[in-house]
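User: Please walk me through this model in short questions and answers. I would like to start with a term, then go to the contacts.

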Protein chains: 2
Amino acid sequence: MDAVTVAESRPKGDVEPLVQLAKPDMAAVDALIVERMQSQVPVIPLLAEHLVSAGGKRLRPLLTVAAARASGAGEDIGASRKLAAAVEFIHTATLLHDDVVDGSNLRRGKTAAHLIWGAPSSVLVGDFLFARAFELMVETGQMRALGILATASSVISEGEVLQLTRAHDLNLDQDTYLRIIAAKTAELFAAAAEAGAVGAGADEEAVQALRAYGMNLGIAFQLADDALDYGGASATLGKNAGDDFHEGKVTLPLLLAVARTQGRDDAFWERTINQGQRTDDDFRRARELIIGTGAIGATLDTAWDYAAAAQHALKPLPASEWRDALEQLADFAVSRAA
Amino acid sequence: MDAVTVAESRPKGDVEPLVQLAKPDMAAVDALIVERMQSQVPVIPLLAEHLVSAGGKRLRPLLTVAAARASGAGEDIGASRKLAAAVEFIHTATLLHDDVVDGSNLRRGKTAAHLIWGAPSSVLVGDFLFARAFELMVETGQMRALGILATASSVISEGEVLQLTRAHDLNLDQDTYLRIIAAKTAELFAAAAEAGAVGAGADEEAVQALRAYGMNLGIAFQLADDALDYGGASATLGKNAGDDFHEGKVTLPLLLAVARTQGRDDAFWERTINQGQRTDDDFRRARELIIGTGAIGATLDTAWDYAAAAQHALKPLPASEWRDALEQLADFAVSRAA
């Protein structure tokens, strides 16, 4: 298969170097997160902790502290750590609301919060975390960083609404699709890195470099996720594979496969995506079509282009182990699906 | 009936003097609201306009500009107008989310947005308006005002969650109930006034006076609303009367009536509130018990106390037609239910 051949010639990258470098910073960020999600209203910390303790890689706040460190400014990391905690709160709030919006059953391998505490609590605790994010930002006194994350928040919700209204549309063009993931996913990566650099007092060139890195990384990351939802380039399916298809959500692998099977499999796509009638066998069939047409490989090729753009964006930064680690992260964002 | 007797000896107050004084300011605020709810994603302005054009009195942004004017600072009203628009966006966002949380059918006399565009859109457009509120605040460069409204936002969601988890609890004590409405309603009145004063460069005494005014006004306003939900002191029922009862929501008139009918009507309250079994006749019966025990009158007496506290809080401000209009508003907040 094409995708596998291409993937094997690519660097693997790794997230570990960055995780190791950022360990002391992220311990401080984690402490802030736990401290600031407390409330006298008992269900709030319970629900928030359910998601926060499930962990995940905390990629977005990791970007914020890494950007502060890699920018070469290195003044005071305190503001950037608070901004990092704010970024994680914004992300957690959007996850809580997304799961309600999509009716998802699982999040980070655990039962989705709205199925335990109800959708109303998920909506309101999301609001609480969003507000707490802004309280943390206010404490830094960094109005520019605050503006970056406020704008990111409105762009994210615009992206979510756009996806919601166009999610089942097989006529979605590739540009609109990229616009959706730039808004709903990559904008927060970009803002997380940009705010971290601004918080550390980086110069304008470094700020713009880190924003561009975050934006390209975010798109690469989302495209790899989209590929993974159909098993990526490997033969084995991950635990959440099929979620997009089962929700009738149109992503790049699907769009490419539809275009490449036009005329031949229209009725299948029309029924499963546009009309939302999906039997148990349909995911298998969709996956065969997507893999058979090389749509996974093509999606990952596009993802590699964005990863390369992310790495290129880092060039103006001073050489450092932080910059190297960010380069490695860009490869890893895609290779995990290849 | 007690309530009527007491009410008739009270001043009526009026909201019109304030509305007239603030007309030019509110025209500018309205223009900002319309401008900043725009988005390239079509459903966002559509849904936002559904609520915004339905109007209502825009009491909260009115408080923001009135506080700026009444504070005697009167420097530059531009920042306070932007803060006023931000306040209305925060309020609209909470209305959108509340209606999803409560499953309400009507809002400002129109079909609730989630019944037209779906709950997912209501959740996400609420998030969008909330983010836009912070973008507007960032533009003012007023970090302190931003902090006031960020904290208000987290307090509001805490109040909503507290209400959600305690709403059907007949053992709710009066203090906890007042704590809920202070958080979910009065905090935004307080923050709206405080931020307006801060935005206009008012001195600390005026800022604290206006915050105290907003807090007391908000509690008076909510208690009057709670009384109105059972028809207030008048014999005729307003168009949304019965909403709280039908949602099984415990408010002060109900809590007082339950306490006053203890031992006699326990089974009725247990069935209708705790167990949520409500027939069509139950609201009529609940209302009879509430009126019969004087619980409406007692609720309005408490509301009058808060209105008086709001007026007293204004004392440190320089005498002006704005201060007079705010005094009149406090009476009006309660007299509309008396």
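Analyst: A salt bridge is a side-chain nitrogen of Lys or Arg within 4 Å of a carboxyl oxygen of Asp or Glu. Keep in mind that the model is predicted.

User: At what N to O distance do the side chains of A:Arg58 and A:Asp30 meet?

Analyst: The cut-off for a salt bridge is 4 Å. The side chains of A:Arg58 and A:Asp30 meet in such a bridge, and its N to O distance is 2.7 Å.

User: Which parts of chain A does that pair link, and how many residues apart are they?

Analyst: A:Arg58 sits in the loop between α4 (43-54) and α5 (59-70) of chain A. A:Asp30 belongs to helix α3 (residues 23-36) of chain A. The pair thus joins distant parts of the chain, and the separation is 28 residues.

User: How many salt bridges are there over all chains, and how many does the rule find across the interface of chain B and chain A?

Analyst: Over all chains the count comes to 40 salt bridges. Across the interface of chain B and chain A, the rule finds zero.

User: How much area do chain B and chain A bury between them?

Analyst: Chain B puts 37 residues into the contact, and chain A puts in 37 residues. Carbon and sulfur atoms carry 78% of the buried area. The total is about 3,200 Å².

User: Which residues of chain B lose the most area to chain A?

Analyst: Three residues together make up 19% of what the chain B side buries. They are B:Leu124, B:Met143 and B:Glu158.

User: Which element gives the largest share of the side of chain B that touches chain A?

Analyst: Elements of chain B giving two or more residues to this side are α4 (43-52), α6 (77-102), α8 (119-140) and α9 (143-166). By class, the side has 19 nonpolar, twelve polar and six charged residues. The largest share is 14 residues, and it comes from α9(B).

User: Which element gives the most to the lining of the largest cavity?

Analyst: Two cavities of 30 Å³ or more are counted, and the largest holds about 140 Å³ of space. Its lining has 17 residues, with A:Thr94, A:His97, A:Phe130, A:Ser157 and B:Asp127 nearest the centre. Two or more residues come from each of α6 (77-102), α8 (119-140) and α9 (143-166) of chain A, and from α8 of chain B. The most, five residues, come from α6(A).

User: What is the volume of the second largest cavity?

Analyst: The second largest cavity is lined by 13 residues, and nearest its centre lie A:Asp127, B:Thr94, B:Phe130, B:Ser153 and B:Ser157. α8 of chain A and α6, α8 and α9 of chain B each give two or more residues to this lining. The volume of the second largest cavity is about 120 Å³.

User: How do the residues of its lining divide by class?

Analyst: α6(B) gives the most to the lining of the second largest cavity, with five residues. The residues of that lining divide into five nonpolar, five polar and three charged.

User: Which backbone oxygen does the side chain of A:Thr293 reach at 2.9 Å?

Analyst: A:Thr293 is in the loop between α15 (280-292) and α16 (295-313) of chain A. A polar atom of its side chain lies 3.2 Å from the backbone oxygen of A:Ile290. Leaving out residues up to four places away in sequence, A:Thr293 touches A:Ala257, A:Arg260 and A:Thr261. The oxygen reached at 2.9 Å is that of A:Leu289.

Conventions. Residues are numbered from 1 along each chain as its sequence is written. Chains are lettered from A and ligands numbered from 1 in the order in which they are written. This is a predicted model: local features need pLDDT of at least 70, side-chain atom pairs count only at pLDDT 80 or more; totals for chains, interfaces and linings use all residues. Side-chain values use heavy atoms; hydrogens and water are left out. Contact means heavy atoms within 4.5 Å. Buried area is the accessible area (1.4 Å probe) that two parts lose on being put together, summed over both. Helices (H or I, at least four residues) and strands (E, at least two) are DSSP runs, numbered from the N terminus. Ala, Val, Leu, Ile, Met, Phe, Trp, Tyr, Cys and Pro count as nonpolar, Asp, Glu, Lys and Arg as charged, and the others, Gly among them, as polar. On a 1 Å grid over the protein atoms alone, a cavity is a set of points where a 1.4 Å probe fits but cannot get out, and a pocket is an open set with protein on both sides within 12 Å along at least five of seven lines; lining residues have an atom within 4 Å of a point. Grid points are joined across faces, edges and corners, and a volume is the space filled by probe spheres set on the points. A polar contact is a pair of N or O atoms within 3.5 Å; within protein, one must be able to donate a hydrogen and the other to accept it, and residues adjacent in sequence count only if both atoms are side-chain atoms.
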